[in-house]
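Take a look at the protein shown here. Keep the view open while you read.

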Amino acid sequence: MKKFPFSAYFCSCNLDHVISENPNVESSQKVENAKDFSDSYFSDPFEFISFLDRDLLPKEVAAYRSSWEYIQKGTNSLHRHTHLICLLIDRYHLLKPEAQQKLKELGYVSDSEND
């Protein structure tokens, strides 16, 4: 049997909570919120990295395993969290140099870790 590596990433109790700061978006509003969110980062995708840095996960748990441990404690899973930043950190070597630089500027990686 072949083995395929995979990772699962979380977005709060739902993606709506992360992108619109509202955990209980009406169904009729979901598509509009998603379009607005997409439009806001389409012209500057590197700003999306800054978005992921904004209080969506404490930096001290911004590693894949520790972020899962964090989200399982108490009511953390009910708050506005995502660890999609971990996806970027874990796939750092695949990112464009500008995205790598943004992660360095935000303190998620250092030159010695990935160069």
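## Overall fold

This is a predicted model. The protein has seven helices and zero strands. Read along the sequence, the pattern is α-α-α-α-α-α-α. Along its principal axes, the C-alpha trace spans about 45 × 35 × 35 Å.

The protein has 115 residues, and 34% of them count as buried. Its accessible surface comes to about 7800 Å². Carbon and sulfur atoms account for 53% of that surface. Now consider contacts with a separation of 6 or more: 57% of them join residues 24 or more positions apart.

## The nonpolar core

In soluble globular proteins, nonpolar side chains tend to be buried together. Here the largest nonpolar core holds 26 residues. Which members touch the most other members? They are Ile49, Phe51, Leu57, Ile85, Leu88, Leu103 and Tyr108. Helix 5 gives the most, with four residues.

Leucine 103 shows how such a member is surrounded. Leave aside its neighbours within four places in sequence. Leucine 103 is then in contact with Ile49, Ile85, Leu88, Ile89, Tyr92, Leu95, Tyr108 and Val109.

## Threonine 82, a residue in a loop

Find the loop between helix 4 (64–72) and helix 5 (84–90); threonine 82 is there. Is threonine 82 buried or exposed? Threonine 82 is buried, because its relative accessible area is 1%, and buried means under 20%.

What does threonine 82 touch? Not counting residues up to four places away in sequence, the list is Phe10, Cys11, Val18, Leu52, Leu56 and Leu57.

The structure holds zero disulfides. Cysteine 86 is in no disulfide, and its nearest cysteine sulfur, that of cysteine 11, is 11 Å away. A disulfide needs the two sulfur atoms within 2.5 Å, so 11 Å rules this pair out.

Cysteine 86 is buried, with a relative accessible area of 1%. Cysteine 11 counts as buried too, at 17% relative accessibility.

## Salt bridges

How many salt bridges does a search of the whole structure find? It finds three. One of them joins aspartate 16 to lysine 30, with the closest N and O atoms 2.7 Å apart. This pair links distant parts of the chain. Aspartate 16 is in helix 1 and lysine 30 is in helix 2, 14 residues apart. Aspartate 16 counts as buried at 12% relative accessibility, whereas lysine 30 is partly exposed at 33%.

Glutamate 47 forms a salt bridge with arginine 54, and here the closest N and O atoms are 2.5 Å apart. Glutamate 47 is partly exposed, with a relative accessible area of 26%. Arginine 54 also counts as partly exposed, at 40%. Lysine 59 and aspartate 53 meet through their side chains in a salt bridge of 3.2 Å, N to O. Lysine 59 counts as partly exposed, at 40% relative accessibility.

Note on methods: Residues are numbered from 1 along each chain as its sequence is written. This is a predicted model: local features need pLDDT of at least 70, side-chain atom pairs count only at pLDDT 80 or more; totals for chains, interfaces and linings use all residues. Side-chain values use heavy atoms; hydrogens and water are left out. Helices (H or I, at least four residues) and strands (E, at least two) are DSSP runs, numbered from the N terminus. Buried means under 20% relative accessible area, exposed over 50%, partly exposed in between (1.4 Å probe, protein chains only). Contact means heavy atoms within 4.5 Å. A nonpolar core is a set of buried Ala, Val, Leu, Ile, Met, Phe, Trp, Tyr and Cys residues joined through side-chain atoms within 4.5 Å. Accessible areas come from the Shrake-Rupley method with a 1.4 Å probe; for residues, only the protein chains shown count as cover. A salt bridge is a side-chain nitrogen of Lys or Arg within 4 Å of a carboxyl oxygen of Asp or Glu.
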